[in-house]
Amino acid sequence: MAPVSPLGEFEHLLLLAILRLGADAYGVTIARELEEHARRRVSRGALYTTLDRLETKGLVRWKIAPGTRERGGLPRRCYIVSARGVAALKTSQQILQHMWRGLDDVLKEPQS
């Protein structure tokens, strides 16, 4: 298996949103999760383009879930973070934690 290229910020956010949502991770709920927890609005185009890219990288998979009455019975794609996606997140987290180390004094709020 080829190494995964570093994750971009939006890719991080999508993977984390999917993990948070579990079995309820589909387009609309992912967008809501990003708006609520990351305070970030996202267009459908950006969302699905990034989900497709994450799938191509092997970081997410999707399965068809039955439709709901609200959707007129139309099925939807439910997304799952793959083992490779979890590994990419863990690697990224370790790198970021390492980079943050020692910067508390530089980044602390100035005293009034």
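Visitor: Over the ring of which residue does the charged end of Arg76 sit?
Guide: This is a predicted model. In it, the charged end of Arg76 lies 3.9 Å from the centre of a ring. That ring belongs to Tyr26.

Visitor: Which residue lies over the face of Trp62?
Guide: Look at the ring centre of Trp62. A residue is placed 3.7 Å from that centre, over the face of the ring. The residue is Arg77.

Visitor: How many aromatic pairs are there?
Guide: A pair of aromatic rings is described by the distance of the centres and the angle of the planes. To pair, ring centres must lie within 6.5 Å. By this rule, the number of aromatic pairs is zero.

Visitor: How is H1 set against H2: roughly parallel or roughly perpendicular?
Guide: Helix H1 covers residues 9-21 and helix H2 covers residues 27-37. Their axes come within 9 Å and cross at roughly 110°. Angles of 65 to 115 degrees count as roughly perpendicular. So H1 is, relative to H2, roughly perpendicular.

Visitor: How many residues of the contact of H1 with H2 are nonpolar?
Guide: On the H1 side, the contact includes Phe10, Leu13 and Leu14. On the H2 side, Ile30 and Leu34 are among them. The contact residues include two polar and two charged, and the nonpolar ones number eight.

Visitor: At what angle do the axes of H2 and H3 cross?
Guide: Gly27, Val28, Ile30 and Ala31 of H2 meet Leu47, Tyr48 and Leu51 of H3. The two helices are roughly perpendicular to each other. Their axes come within 11 Å, and the crossing angle is roughly 105°.

Visitor: With which residue does Arg40 form a salt bridge?
Guide: Side chains of opposite charge can pair when their charged atoms come close. Here the closest N and O atoms are 3.6 Å apart. Arg40 is in the loop between H2 and H3, and its partner is in H1, 31 residues apart. The partner is Glu9.

Terms used. Residues are numbered from 1 along each chain as its sequence is written. This is a predicted model: local features need pLDDT of at least 70, side-chain atom pairs count only at pLDDT 80 or more; totals for chains, interfaces and linings use all residues. Side-chain values use heavy atoms; hydrogens and water are left out. Rings of Phe, Tyr and Trp (its six-membered ring) pair if their centres lie within 6.5 Å; planes under 30 degrees apart count as stacked, over 60 as edge-to-face and the rest as tilted. A charge sits over a ring if NZ of Lys or CZ of Arg is within 6 Å of the ring centre and within 35 degrees of the ring normal. Axes are lines fitted to C-alpha atoms, for helices over the stretch in contact, and angles run from 0 to 180 degrees between N-to-C directions. Helices (H or I, at least four residues) and strands (E, at least two) are DSSP runs, numbered from the N terminus. Angles under 35 degrees count as roughly parallel, over 145 as roughly antiparallel, 65 to 115 as roughly perpendicular and the rest as oblique. Contact means heavy atoms within 4.5 Å. Ala, Val, Leu, Ile, Met, Phe, Trp, Tyr, Cys and Pro count as nonpolar, Asp, Glu, Lys and Arg as charged, and the others, Gly among them, as polar. A salt bridge is a side-chain nitrogen of Lys or Arg within 4 Å of a carboxyl oxygen of Asp or Glu.
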